[in-house]
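Biologist: I'm new to this one. Could you pick a single spot where two pieces pack together and walk me through it closely?

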Amino acid sequence: MTPGQLAAVAAAAATEGGTAKAALVLKELAKLTLQLSHEELQATAAGAALEGLQVLERTARDCITLLIEALCKPDQGHERAADAAWTLYKLTQRCDVARQWMLDAQGLAAVRHALLAHSAHHDLVQCLFGIVHSLDGLRGLASLLTGCAGGDAARLPDSVIATIVWCVHDLLKQDQRGSEAEVATLLALFLQLLAQRSQSLEVQHACCSTLGIIVSEDARMGALLAERGGIQLLLRALLWARALDSAGADLSLACVDAIASLAKGSSQQAELLRRYGAVDVLTQCCSDGRGGRYEESAAWALGHLAGIVAVTQTMVRTSSLGVLHGGLEAISALAGQVSTLDELRQLPEVLELLLGILPRTLGPQPEVRCFKKCTAAICSLLLGLAPHAEPGQSPTLDKAVRGLLEVQSKELEKDIDVEIAESTVESIGRLALLKPSWRHFLRSHGAVEVCSRRIRSGQDCRSLAVRSIQQPVRRLLKYAFWAAAALSGLPFVCSELRQNLRSAETIDAAFCTIIDILDDDLEGDWVLKEAERCTEDAVPGVLRLIAEAMAGYPADCTLQGRGCHCVGLLVGLAPAGPEHAKAIEAVFTASRRHPWQAHVVRDACYAFLRLLEGGAGEAGAAEVLRRGGADRIAEQALANHAHAHNAELLEEAVVVTCYLSGIPAALRVLTDAGPGPVRTNGIKAIAEFGRQRQGLLLQSAQDVVPAVTAMAGENPGDELLQQNVQLLVGFCNVATDR
């Protein structure tokens, strides 16, 4: 029988017939012997099964050892080692126990031996690296490099060392970073290689590229690199690569990228880069004439180290498109951080320069293709300057603001058009929020009308070109609504909503903006707390408008949830009336139609609570809600979403139950729910309700304390539950003492 025939027979035996099932039979027999009552048969069967399984294990271990030995016999050719390495790699990928057996058989030492013997064979080397990573992760790969100053690693050729480093590079890019200590060890090894293999282009390239990945993700690694002299090594490598001209292009780019990441990482790293001459080196890189991402990255890093004025001067001196792109990105990132008076005084000149570049980016065949980046930089400069100037003080600034409004008249034909429209309309909104004077300037120059036209243009999605960008256009609608609300507040939003009750996208944008204006609990860059709200007299009309909008799209759960939220924000702002009833009925309809949509039920309960706590009067509101079935909706929500980790929904549903059915009813719901999120969050909700309604808590205190104490005893491992129980019992004791 030939080796090939024997392999075919072995493969067939592993997949079919009695041989393939033998191991399974032995395993099942071994487990069944525990249930045998006849001692002699039990002993015989157990002994036979154990012996068979041990034979299988010994044979499997012998196979692993056979393969490992094949790695250590260079005299028999690399093909034998390559087959052994490939087989071991597959086994370590598929079988956990194979990894342990290989470690037991000194497999890592065999891999190192094979690397030394077969370093010229790329595929074999790749399999060996795969084995090391399977056996010991990043630490294993690091161990292959640990002896660079002596031992085996010093004898490895540069190509193999570079390949090891690239393996680490690829793993880090895939987010397989390992522990912080492992990454720190790798960083130290790469710096050692940079110092010792300074004339190896492939090692330098691999190390600088991988160091760039390491420091880009973690400022602490950047600090460690600086502490170990890595900045000097990167700059030395960059200078050497530039001297190699085109041969060093890849290394130059890797060095510049790593320096850019360090410049962004922390002010201390940036200061060290400046101290060691990085500004001069990067300035030279910007004039190398290599173009592309190399000069773009160099200009970006230069801006972060030397500031906006320095990178702008470099942009003026060179015609490089890469420098222009990198400089514009640096300006976009830095304009809002300018703090010194000297820099602020020079920003109008920078803005004037960019306004001069902008026309060159326009048209079917633009001179330079960077309209998006140029616009973003202008927006950033504008928002950096405007807090320090009033309208009319800087003609350049006023001109730039008017230019933002003109951009909104551009037709939307491609994704990039939408992105630029978004950035400019956002800048209009943020400028309006900076100062009343700028808000007045924008209004006087037609900004509200511009936003309104943008909303209308975004609604027309009939052409094929626009259909392809339909989703980005919906997002732009929200930006336009938000900016217009920053200028004119809730009245504008309601006016647009009233005219577009047959457009789901417009309704969604309007609802989101109403929430941004009215929800005082929101935080972040998009909150519009300073925007104009509505008078008490206008509240009923707004509620009617929201109810009408919700009625038009009953199946759209996103609109229904946001509509409920809007109703909740408004019902407490004016005395109850017919429009309140219509709005609350819309909330009932939404919650009944979408009982399994957590966000709809959550916002419906929020609306119920705001009605109970608002101007309608608690008794009257409670009666209205009971008639509509809000108590049943709240209890059903707790049942439907009992295992959802949505604390807000669960807490609000329990508080609604407390209001409408009483604390004892809420306790019964929690008791029936059993241990889990409903209890944990529900007890907190009762505590908060009792804190605000101490009289009601006092009436139920004698039932509350034993009930929640029992719940705590059923689930002692839930720390949050224990804390909430202690809180509620404490409130009960305070209420009783009073």
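**A helix pair and the core beside it**

Modeller: Helices H29 and H31 cross in a left-handed way (the near helix is turned anticlockwise from the far one by less than a right angle; helices are DSSP runs, H or I, of at least four residues). Keep in mind that this is a predicted model, where local features need pLDDT of at least 70 and side-chain atom pairs pLDDT 80 or more, while totals for chains, interfaces and linings use all residues. Residues count from 1 along each chain, and side-chain values use heavy atoms, with hydrogens and water left out.

H29 covers residues 539–552 and H31 residues 578–593; their axes (lines fitted to C-alpha atoms over the stretch in contact) sit 8 Å apart at an angle of about 30°. That makes the two helices roughly parallel (under 35 degrees). On the H29 side, Pro540, Leu543, Arg544, Ala547 and Met550 make the contact (heavy atoms within 4.5 Å). H31 answers with Glu579, His580, Lys582, Ala583, Ala586, Val587 and Ala590.

Now look at Val567. Beyond its neighbours within four places in sequence, Val567 touches Leu543, Ile546, Met550, Ala583, Ile584, Val587 and Ala607.

Of its 245 residues, Phe190, Phe511 and Val567 touch the most other members. Helix H27 (residues 470–499) gives the largest share, 17 residues.

Conventions
A nonpolar core is a set of buried Ala, Val, Leu, Ile, Met, Phe, Trp, Tyr and Cys residues joined through side-chain atoms within 4.5 Å. Buried means under 20% relative accessible area, exposed over 50%, partly exposed in between (1.4 Å probe, protein chains only). Axes are lines fitted to C-alpha atoms, for helices over the stretch in contact, and angles run from 0 to 180 degrees between N-to-C directions. Angles under 35 degrees count as roughly parallel, over 145 as roughly antiparallel, 65 to 115 as roughly perpendicular and the rest as oblique.
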